[in-house]
Amino acid sequence: MLPSLFVYAYLSISSAITLVNADAGKAIFLLAGQSNMAGRGGVVNDKWDGYVPPQSSPNPAILRLSADLNWQPATEPLHRDIDYFRACGVGPGMAFANSLLRQDSSIGTVGLVPCAVGGTNITEWARGGQLYNQLIRRAEAAVAGGGAIKGLLWYQGESDTVNREDAELYQRRLERFFDHVRHDLVLPALPIIQVALASGAGPYIERVREAQLGTWLVNLRTVDAMGLRLEPDRLHLTTTSQVTLGEMLAQAFPRDHPSPIISQASRTPPNFIYIFFCFLFFIYSNLF
Ligand SMILES: *[C@@H]1O[C@H](CO)[C@@H](O)[C@H](O)[C@H]1NC(C)=O
């Protein structure tokens with residue numbers, strides 16, 4: 001009873017803070033994971049066909065943070081200078097941003113921060129590693145010029161389907177990663193929208209999907225990519241599938257009032273003293 005009151009108080013305060021900060025600055029989204037987040041739509045034999053669907057077209061209200069940390073008009077392939085070892089194609093990011101703006105133009109400007117790298121496993125995304133550090137560094141650079149981080153879009157796990165042991169450890173590693181990102185960005189209720197796998201590099205796809213679909217954290221939403229059409233490599237989403245996925249991600253984004261989902265899986269809150277303070281404040285503000 002008491003712990004859930006704490007969490008409730010904490011969430012009330014943090015969403016109030018979010019509303020106060022909803023100024024004219026950029027709505028910033030971090031894009032992380034592996035190749036299907038980086039985008040391989042339209043890539044065949046490591047070559048992109050160059051086709052950009054209308055839903056993924058440039059929009060003056062959509063910017064991307066380049067590898068050298070400058071904001072520029074966003075165009076596909078969004079990850080071209082981040083995931084540069086392979087040919088990048090269409091991913092979900094542009095369709096997500098266009099869809100979000102269609103639903104609510106009061107968002108203003110959307111700032112996309114590409115961070116995904118093809119072929120990377122969850123262990124490589126652990127705190128302290130190069131990918132993790134790059135994600136945090138780019139997130140911090142993104143807000144330095146104004147705006148606020150509104151969410152993390154995460155699509156990863158194909159590389160963790162090869163061994164049974166990794167598939168079984170996936171959920172713990174994933175939850176730890178989400179916790180660390182929220183903690184290190186000092187955004188304990190950061191909305192996260194993750195994608196449940198449509199494909200994988202190994203036989204344990206279902207095991208990883210169970211981990212993804214069974215992860216319940218505050219302000220975590222999961223969209224399911226299973227069934228979306230794949231490229232002939234049977235691993236990567238097609239351009240059309242990426243557009244669909246981007247629109248699913250936009251639908252799943254909690255607008256106005258992020259509705260907290262609390263379950264047994266949400267572990268010890270990150271900062272007990274802060275939450276206790278929020279709790280006192282919550283009680284105090286309800287007395288008047
Ligand atoms: C993850 O990738 C790294 C680097 O490629 C590799 O050394 C490690 O064995 C992989 N771990 C898992 C769990 O697959």
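**A walk through the sheet, helices and ligand site**

Hi everyone, let's start in the sheet: strands β1 (residues 27-33) and β6 (residues 110-114) run parallel to each other and are joined by five bridges. Two strands count as paired if DSSP finds at least two bridges between them. Helices (H or I, at least four residues) and strands (E, at least two) are DSSP runs, numbered from the N terminus.

Before going on, two notes. This is a predicted model, where local features need pLDDT of at least 70 and side-chain atom pairs count only at pLDDT 80 or more, while totals for chains, interfaces and linings use all residues. Residue numbers start from 1 along each chain as its sequence is written.

Back to β6. Which residue stands opposite V110 in β6? That is A27, and L30 stands opposite V113. β6 also pairs with β4 in the parallel sense, over three bridges, and there L63 stands opposite G111.

Is β6 mostly covered or open? It is mostly covered, with five of its five residues buried. Buried means that 20 or more other C-beta atoms lie within 10 Å of a residue's own; exposed means 12 or fewer, and partly exposed is in between, with C-beta atoms placed from the backbone. In a regular strand the side chains alternate between the two faces of the sheet. For β6, V110, L112 and P114 are buried on one side, and G111 and V113 are buried on the other.

Now zoom out. The open sheet has seven strands in the order β5-β4-β6-β1-β7-β8-β9, with mixed pairing. At its edges are β5 (71-73) and β9 (220-224), each pairing on one side only. From one strand to the next, the twist averages 25°. Angles run from 0 to 180 degrees between N-to-C directions, and axes are lines fitted to C-alpha atoms, for helices over the stretch in contact.

Next, the helices. Helix α4 (residues 130-144) lies across β1, β4 (62-65), β6 and β7 (148-155), at about 165° to β1. Helix α6 (residues 205-213) packs on the sheet too, touching β8 (192-196) and β9, and its direction makes about 155° with that of β8. Contact here means C-beta atoms, placed from the backbone, within 7 Å.

Which residues of α6 are buried? They are I205, V208, R209, A211 and Q212. They sit on the same side of α6 because they cover an arc of only 155° around the axis, the arc being that of the directions from the helix axis to the C-beta atoms. An α-helix has 3.6 residues a turn, so residues three or four places apart point the same way. The buried residues of α6 pack against α5 (164-184), β8 and β9.

What about the ligand? Around it are N121, T123, E124 and D166, where near means a C-beta atom, placed from the backbone, within 6 Å. By class, this shell has no nonpolar, two polar and two charged residues. Here Ala, Val, Leu, Ile, Met, Phe, Trp, Tyr, Cys and Pro count as nonpolar, Asp, Glu, Lys and Arg as charged, and the others, Gly among them, as polar.

To finish, the whole protein has eight helices and nine strands, and buried residues make up 42% of its 288 residues.

Terms used
Contact = placed C-beta atoms within 7 Å.
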